[in-house]
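This briefing covers the strands, the helices and the ligand surroundings of one model. Please keep the sequence and the structure open while reading.

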Amino acid sequence: MIPNGTMSLSADPAGIAQAADLLRQGLLVAIPTETVYGLGGDARNGEAVASIYAAKGRPSFNPLIAHVASVEAAKRFVNWSDQAEALADAFWPGPLTLVLPLRPGHGISSLVTAGLETLAVRVPAHPTARALLTEFDGPVAAPSANPSGQISPTTAEHVLSGLNGRIAAVLDDGPCGVGLESTIVGLSGEPALLRPGGVALEQVETVLNTQLHVHQVGDALNAPGQLESHYAPDAPVRLNASTARGDEVLLGFGPVDCDLNLSATGDLAEAAANLFAALHTLNATGRPIAVTPIPDHGLGAAINDRLRRAAAPRHT
Ligand code: TXA
Ligand code: MG
């Protein structure tokens, strides 16, 4: 536990400097990114990374994303390739994570990679995240800043509701714009989609001019937790509902009659940005949640992926 609770820092130069200082001390700071809030620690410091796993209660075989300030910084840690260059050109800074072979002398704690020979790297677009990474001048390991298995945080309040007293600080910069985690593309072999997210699969395939292998549930490694219960509210979640049954609250999309609408106009980007906050809100009602159908193209694929996990059978 953090003796005086978790500090809330404002996203101004003083707050950012203090956050960088806490990271240098090996402490944990929740940081805003354009996708979700990340639980940041120095990726070169094994004790800091271990405390990320401890704060989240996360199984230690699940590797973390290293966040860096620039493409040049990423190249210090991984073997770069033409495909990486093309994707970085198109989508960095932004909600895309690339998995590439580690470079010799990388200095990243093996707890970040969970012992793999590859590293997931991302240059986030959020101005406060970029300012912090520049000020810190090192790689920051950051999973989503929620207790393992629970709904991802898109506000500082979400972070505190799950992790207050377990981390040194949260850098508060309001709600996240994209609202869904980054798309993860594996480039250590044939290009593969390891997780749908804030960049649509179709856009990645256009840039690489090839179809990605899509990892299926039960594929070895690469995305630990495929279709395990995840992003899960306390109450049951039922998908593809047309109306609420019994005590359910209805989460809608498009022009439907419901308790809460992800996007009344049927805009998938708006729905993505609202998804986790909506699940947090409905979770607080304590009632079971039903969700109307969401189209499966573009960002809809990532929204449906999160909803299927939220609805998956729970582990105890
Ligand atoms: O948008 C995001 O990506 C957010 C923000 C904070 O950047 N972060 C995030 O991290 O979602 P996390 O830890 O919740 O999810 C990281 C995913 C995990 O599913 C993990 O298995 C996968 O990345 N991953 C990390 N390193 C990997 C590697 N070397 N090979 C394959 N998958 C990897
Ligand atoms: Mg997560």
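**Ligand shell and sheets**

β6 gives the most to the shell around ligand 1, with 3 residues. Helices (H or I, at least four residues) and strands (E, at least two) are DSSP runs, numbered from the N terminus. This is a predicted model, in which local features need pLDDT of at least 70 and side-chain atom pairs count only at pLDDT 80 or more, while totals for chains, interfaces and linings use all residues. Residues are numbered from 1 along each chain as its sequence is written, chains are lettered from A and ligands numbered from 1 in the order in which they are written, and side-chain values use heavy atoms, with hydrogens and water left out.

**Ligand 1**

- Thr35, Asn62, His67, Ser182 and Arg195 come nearest among the 24 residues around ligand 1 (a residue is near a molecule or strand if one of its heavy atoms lies within 4 Å of it).
- By class, the shell around ligand 1 holds 12 nonpolar, 8 polar and 4 charged residues; Ala, Val, Leu, Ile, Met, Phe, Trp, Tyr, Cys and Pro count as nonpolar, Asp, Glu, Lys and Arg as charged, and the others, Gly among them, as polar.
- A polar side-chain atom of Thr35 lies 2.7 Å from an oxygen atom of ligand 1.
- An N or O atom in the side chain of Arg195 is 2.9 Å from an oxygen atom of ligand 1.
- For Ser144, a polar backbone atom is 3.3 Å from an oxygen atom of ligand 1.
- Ligand 1 exposes 690 Å² when taken alone, and the protein buries 96% of that (accessible areas come from the Shrake-Rupley method with a 1.4 Å probe).
- β4 (65-67), β6 (118-122) and β10 (192-195) are the elements that give two or more residues to the shell around ligand 1.

**The 11-strand sheet**

- The order of this open sheet of 11 strands is β1-β8-β2-β3-β7-β4-β6-β5-β9-β10-β11, with mixed pairing (two strands pair if DSSP finds at least two bridges between them).
- Its edge strands are β1 (7-10) and β11 (213-214), each of which pairs on one side only.
- β1 pairs with β8 (residues 169-172) in the parallel sense over 4 bridges, and Ala169 in β8 is the bridge partner of Met7.
- Helix α1 (residues 13-24) lies across β1, β2 (29-31), β3 (38-42), β7 (140-141) and β8, and runs at about 135° to β1. Axes are lines fitted to C-alpha atoms, for helices over the stretch in contact (heavy atoms within 4.5 Å), and angles run from 0 to 180 degrees between N-to-C directions.
- Helix α4 (residues 82-91) lies across β5 (96-101) and β9 (183-186), at about 160° to β5.

**The 4-strand sheet**

- An open sheet of 4 strands has the order β12-β15-β13-β14, with parallel pairing.
- β12 (237-238) and β14 (260-261) each have a single partner strand, so one side of each is left without a neighbour in the sheet.
- Strands β13 (residues 249-252) and β15 (residues 289-291) run parallel and are joined by 3 bridges; Val249 has Ile289 in β15 as its bridge partner.
- Helix α9 (residues 268-283) lies across β13, β14 and β15, running at about 170° to β13.

**Backbone geometry**

- Most residues other than glycine have a negative phi, and most peptide bonds are trans.
- Trp92 and Pro93 are joined by a cis peptide bond, with omega about -10°; Pro93 lies in the loop between α4 and β5.
- Asp137, in the loop between α6 (127-136) and β7, has a positive phi near 60°.

Note on methods:
A polar contact is a pair of N or O atoms within 3.5 Å; within protein, one must be able to donate a hydrogen and the other to accept it, and residues adjacent in sequence count only if both atoms are side-chain atoms.
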